[in-house]
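Here are a few notes from my pass through this one. Have the model open as you read, and bear in mind that it is a predicted one.

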Amino acid sequence: MEFNYFADSALSTLVENKKFFKEMSDFVSDFSDGGKIKKLLEQSVEQSVEHAVNVVHMKIKHQSLNKAMNQVKNSSATIEEFEEVWKERSKAVEQKRINVKNLHEFKNFVKAVESAAGQAGAEVNDQANGTAYDEDLIMEDSGSEVFSFYDPWSKALIKNPMRNKMCGHIYDRDSVMPIIMDRIGIRCPVLGCANLCYIQPDHLVQDANVQQKIQQSMSNAVVDVTASEEDEE
């Protein structure tokens, strides 16, 4: 297993842990726990973000060192030349500052954690267009194929669906393209995905069928909300 696989798994585990804490918090809210679980959830979110900074930093540094190693190997004619050039290149990578918090991967991780924990960031995404989308928009069953209407990175409703030809999972173009353009070595973020190939631009295709389904479901949701309001009047 490669380093990136373990790093991605660690980030996914942090998100899943927030979902567990949120479920526990919702469960004990019916009892008098003095808000202890809720406080633990808030602290857990903060700690997860701190851990993510370190994980993403190590991941980026590993990718940079790996890239530098390949470049040095291809340009060195002798072992002596390789050692000399590698010493300089590796030192330059180690000294290079990495602003993790400006990277798309880190920003999307924070959104995912906030969404899993049920914090304000997720509510803003869900109601960006003034409509509170219900559970009918979360999953769509198309024969033997099941996919989410929500992007696995941003957790926001997908607007421009791109299908990964290697595994069939759907992402939003505005999320996946900046991530794979920024760096190499990004795998499908959907939990349980068996595809171990790094996502490449030519792996992605626009999916008009999924876009049509999303738009139709959004329209149905708006109609349902309007009808409900009229019934109340």
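**Notes on the predicted model**

1. Starting with the helix pair: the crossing of H2 and H3 is right-handed. H2 covers residues 36-75 and H3 covers residues 79-95, and the two pack with their axes 10 Å apart at an angle of about 155 degrees. That angle makes H2 roughly antiparallel to H3, because anything over 145 degrees counts as such.

2. Who meets whom here? On the H2 side you'll find Lys61, Ser64, Leu65, Ala68, Met69, Gln71, Val72, Lys73 and Ser75, while H3 brings Glu81, Phe82, Val85, Trp86, Arg89, Ser90, Val93 and Glu94. Sorted by class, that contact between H2 and H3 has eight nonpolar, four polar and five charged residues.

3. Next, have a look at His203, in the loop that runs between helix H6 (173-182) and strand E5 (204-206). Is His203 buried or exposed? It's buried, since its relative accessible area is 14% and the cut-off is under 20%.

4. What does His203 touch, leaving aside its neighbours within four places in sequence? The contacts are Arg163, Asn164, Lys165, Met166 and Tyr198. For Tyr198 there is also a polar detail: its backbone oxygen lies 3.4 Å from a polar atom of the His203 side chain.

5. Last one: Met24, which sits in helix H1 (residues 3-28). With a relative accessibility of 32%, Met24 counts as partly exposed.

Technical notes:
Residues are numbered from 1 along each chain as its sequence is written. This is a predicted model: local features need pLDDT of at least 70, side-chain atom pairs count only at pLDDT 80 or more; totals for chains, interfaces and linings use all residues. Side-chain values use heavy atoms; hydrogens and water are left out. Helices (H or I, at least four residues) and strands (E, at least two) are DSSP runs, numbered from the N terminus. Buried means under 20% relative accessible area, exposed over 50%, partly exposed in between (1.4 Å probe, protein chains only). A polar contact is a pair of N or O atoms within 3.5 Å; within protein, one must be able to donate a hydrogen and the other to accept it, and residues adjacent in sequence count only if both atoms are side-chain atoms. Contact means heavy atoms within 4.5 Å. Axes are lines fitted to C-alpha atoms, for helices over the stretch in contact, and angles run from 0 to 180 degrees between N-to-C directions. Angles under 35 degrees count as roughly parallel, over 145 as roughly antiparallel, 65 to 115 as roughly perpendicular and the rest as oblique. A crossing is left-handed if the near helix is turned anticlockwise from the far one by less than a right angle, and right-handed if clockwise. Ala, Val, Leu, Ile, Met, Phe, Trp, Tyr, Cys and Pro count as nonpolar, Asp, Glu, Lys and Arg as charged, and the others, Gly among them, as polar.
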